[in-house]
Amino acid sequence: MKGNTMTAFEDQAIYPSAELFLIKQFMKREGFHPRQWLLGTGLKEEHILNPETLVSLRQFDIIYHNIFRITNRPDVALALGSCLNLSRWGVLSVAMICSQTLGSALETGNRFRSIVRSRFSLTPHFRKDVTEIVIDRQEGMSFPLSPSFSHELLICSMQSMIRSLVKERNVFAEVHLSYAPPAHYESYEKYFDCPFSFNREKSMLVIPNELMLRALPTGNPITEQQAIAVCKLEAERVAQVQKGDLTWMLRSEIGKQEGPLPSLDQIADRLHVTPRTLRRKLQEAGTSYRRICHEHQLQLALHYLADPKLKSSAVAHKCGFKDAASFREAFKRWTDMTPQEHRKRSRTTHVTMPSNNNHMMLDYAAA
């Protein structure tokens, strides 16, 4: 992506924030408060521990700039990368931890790199005794500071994650780097327990096949597939945002809500578009803001009505209705049943609950 499209994508807060906690731990050891390295991002310290926080590519870039500036450490990317353990990648981490081998874990990580904002593609080349993983910058992706900073962060974080997966320290046979030696190149000896070289045609990690094929002690194919299913949904969400699909982005924003729903103007502001543009895009997609809100409310209602402990008034509140009467009226219009009738039928009939990603088509002619 190029130009304004890429700029809009970079500003979309769509990535999990798990890395912020690890950065906080690292920067605390360096002697810095979150307000110093969050400066200019719009994020606050309380966002770090909020699991609902999402972060944009640009916000992460600002954070890296701040870290490099205030620490005044030329090797800070090496040091930070070494502290970014596998928990950095959220649900993708679960899929990797539960993989059968290191090779399959790395394949899964590379397959879903879009959900963890990777600027690189990793291409494995299998040789007799080793696997050569070639590191290339993804087309259209720029580096926040320099090629060396981004490579150092990537390679040291990968080394940290692989070490935690295989429970072994020496994981690379060689490290090849496509850039010239930086001024702090002597620091590399501190972080890598293997030969490394600069000015190579391609950046590359060389890993012994014995290690790539080794069974992981935490392998669990059932949990792995469950985590991969979630990763697929996340990858689809990110892909839609990259395409600028406002309908998908709107559904994603609405899906975060419980209780009173925001106005169209509020949602438009979150999506960095004008209300007029949002209405036009929804009309072109054959839907409307009202319709999407109703779909969301119905999905919430079906979910909460499945809990017999919740009274209808509580379900009504969770779905954004002012009272149980208005909720009952809307539910009857949508399903030809009252909430009580639905609950009674559900006790005797198997009901498949819709997920937030299966959007029902409703007829609002009478709405």
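In this predicted model, the lining of the second largest pocket draws at least two residues from each of helix H5 (57-71), helix H8 (102-111), strand E3 (120-126), strand E4 (130-137) and helix H9 (147-166). The most is given by H9, which contributes nine residues to that lining.

**Second largest pocket: space and lining**

- The second largest pocket holds about 600 Å³ of space.
- Its lining comprises 36 residues, of which Trp89, Ser118, Leu122, Leu154 and Met158 are the closest to the centre of the pocket.
- By residue class, the lining of the second largest pocket consists of 21 nonpolar, eight polar and seven charged residues.

**Second largest pocket: position**

- The second largest pocket lies between domain 1 (10-72) and domain 2 (75-242), because both domains give residues to its lining.

- One cavity of 30 Å³ or more is present in the structure.
- The space in the largest cavity amounts to about 50 Å³.
- The residues that line the largest cavity are Tyr15, Pro16, Glu19, Arg88, Trp89, Ile115, Val116 and Arg117.

**Largest cavity: position**

- Domain 1 (10-72) and domain 2 (75-242) both supply residues to the lining of the largest cavity, and therefore the cavity lies between them.

Terms used: Residues are numbered from 1 along each chain as its sequence is written. This is a predicted model: local features need pLDDT of at least 70, side-chain atom pairs count only at pLDDT 80 or more; totals for chains, interfaces and linings use all residues. Side-chain values use heavy atoms; hydrogens and water are left out. On a 1 Å grid over the protein atoms alone, a cavity is a set of points where a 1.4 Å probe fits but cannot get out, and a pocket is an open set with protein on both sides within 12 Å along at least five of seven lines; lining residues have an atom within 4 Å of a point. Grid points are joined across faces, edges and corners, and a volume is the space filled by probe spheres set on the points. Helices (H or I, at least four residues) and strands (E, at least two) are DSSP runs, numbered from the N terminus. Ala, Val, Leu, Ile, Met, Phe, Trp, Tyr, Cys and Pro count as nonpolar, Asp, Glu, Lys and Arg as charged, and the others, Gly among them, as polar. Domain bounds come from an automatic or database domain assignment.
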